[in-house]
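I set down here what I looked up in this structure, in the order in which I looked.

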Amino acid sequence: MSDQHSFETLAIHAGQEADPLTGAVVPPIYQVSTYKQDGVGGLRNGYEYSRSANPTRTALEENLAALEGGRRGLAFASGLAAEDCLLRTLLSPGDHVVIPDDAYGGTFRLFAKVVSRWGVEWSVANTSDPAAVRAAITPRTKAVWVETPSNPLLGITDIAAVAGVAREAGAKLVVDNTFASPYLQQPLSLGADVVVHSTTKYMGGHSDVVGGALITADTALADELAYHQNAMGAVAGPFDSWLTLRGIKTLAVRMDRHSANAERVAEMLVSHPKVTQVFYPGLPEHALHEVAAKQMRAFGGMVSFRVAGGEAAAVEVCNRAQLFTLGESLGGVESLIEHPGRMTHASTAGSPLEVPADLVRLSVGIESADDLLADLSQALG
């Protein structure tokens, strides 16, 4: 399919031509481990064993590449599996990575507790400030890691500006695009080298699948990533790939609703007397609102806020919510609420990435905005 089509059309059709055998308009679930070969060493249309390639996963990978404007996409068993493969591909013992001062707790744990034992060093920078990124780079820096919007403080990084800084240093720029999704933001077009996704979140969109992805426009890097993916084996299974493809078909319409609902939630929270600070890039008072407006189509469905009364009050808000379900993860059609310090970001305690104890994070779903506002109002008391 031509990449000149609109995003909505690509989401539904890219990588998903009708099945040549039956005409099925949805790619079949190829729940198979091995394939009959056309002679010794003669692969049947490139397939031999489903760790190396599977037709359902291929459909998802082609779709991911089209949506992010890349040359190749790779689908993994989880977002962290994708990150692990990327880091082992890019880095060797003795190398250095710049990581953000606000990031998903699992990503921080991967750097601090796993990759560091392999001899890779990391340092923290405020990636919202290109000068701070430049100052953190060393002669051994091989990658700059960015989340934008970031998790959980919704920080914004100017992707084009930081891409320039990384390029000057000969480092790869990695952008975790999970919070935005490719519908709202396409980092490769802004100079990023690799895009990371937890496809568990907005791409899947229904809280029923776990997955991850890497997308790049660099053919040589794509080949290296594919080699490591096959060698390490943390691939997306065929049913998980099928579920993710199903979710992606409605990504555009869902993200429009997520964003619209989140804007209303953020505006309500700003005026609430028990809320001391709201983190949402769609608010004009956000420090990098203009940057977000420049590189994003809309501002997404994630909102965080701090509660007057400290940690105990924040925990109580989470416990009192009724329509907002208390749970980790994000990006599903249903709204979720959590306390990052005790839940998704517990691994950052005592580190430069530690989150405020009075912070509450919302994944704003696609329910009635009026109902969501009413629930938050009663939860805040």
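**Entry 1: charged pairs.** I began with Arg 72, which counts as partly exposed at 35% relative accessibility. I note at the outset that the model is a predicted one. Arg 72 is joined by a salt bridge to Asp 223, with 3.4 Å between the closest N and O atoms. The two partners belong to distant parts of the chain: Arg 72 is in strand 1 (residues 72-76) and Asp 223 in helix 8 (residues 219-232), 151 residues apart. Asp 223 is also partly exposed, at 43% relative accessibility.

I then asked how many salt bridges the structure holds. The count is 15. One of them joins Arg 88 to Asp 84, the closest N and O atoms being 3.2 Å apart. Both residues lie in helix 3 (residues 79-90), four residues apart, or about one turn of the helix. Are these two partners buried or exposed? Arg 88 is partly exposed, with a relative accessible area of 42%, whereas Asp 84 is buried at 16%. I also recorded the salt bridge between Asp 38 and Arg 44, at 2.6 Å from N to O. Asp 38 is partly exposed at 45% relative accessibility, and Arg 44 is partly exposed at 35%.

**Entry 2: aromatic pairs.** I searched the whole structure and found six aromatic pairs. Among them is the tilted pair of Tyr 35 and Tyr 47, with 5.6 Å between the centres and 35° between the planes. Both residues lie in the loop between helix 1 (7-13) and helix 2 (55-68), twelve residues apart. Tyr 35 is buried, with a relative accessible area of 16%, and Tyr 47 is buried at 15%. Phe 108 and Trp 122 form an edge-to-face pair, 5.6 Å centre to centre, with 85° between the planes. Because Phe 108 lies in helix 4 (residues 105-114) and Trp 122 in strand 3 (residues 121-125), this pair ties together parts that are 14 residues apart in sequence. Phe 108 is buried, at 6% relative accessible area, while Trp 122 is partly exposed at 26%.

Entry 3: I traced an open sheet of five strands, in the order 8-9-12-11-10, with mixed pairing. Strand 8 (275-279) and strand 10 (325-326) are at the edges with a single partner strand each, so one side of each has no neighbour in the sheet. Strand 11 (residues 336-338) pairs with strand 12 (residues 359-363) in the antiparallel sense, over three bridges. Glu 338 stands opposite Arg 361 in strand 12. Helix 12 (residues 310-320) lies across strands 9, 10, 11 and 12, and runs at about 135° to strand 9 (302-307).

How values were computed
Residues numbered from 1 in each chain as written. Predicted model: local features only at pLDDT ≥ 70, side-chain atom pairs only at ≥ 80, totals over all residues. Heavy atoms only, no water. Pairing = 2+ DSSP bridges. Helix = DSSP H or I, 4+ residues; strand = E, 2+ residues; numbered from the N terminus. Contact = heavy atoms within 4.5 Å. Axes fitted to C-alpha atoms, helices over the stretch in contact; angles between N-to-C directions. Phe/Tyr/Trp six-rings, centres within 6.5 Å; stacked < 30°, edge-to-face > 60°. Buried < 20%, exposed > 50% of the residue type's maximum accessible area, 1.4 Å probe, protein only. Salt bridge = Lys/Arg side-chain N within 4 Å of Asp/Glu carboxyl O.
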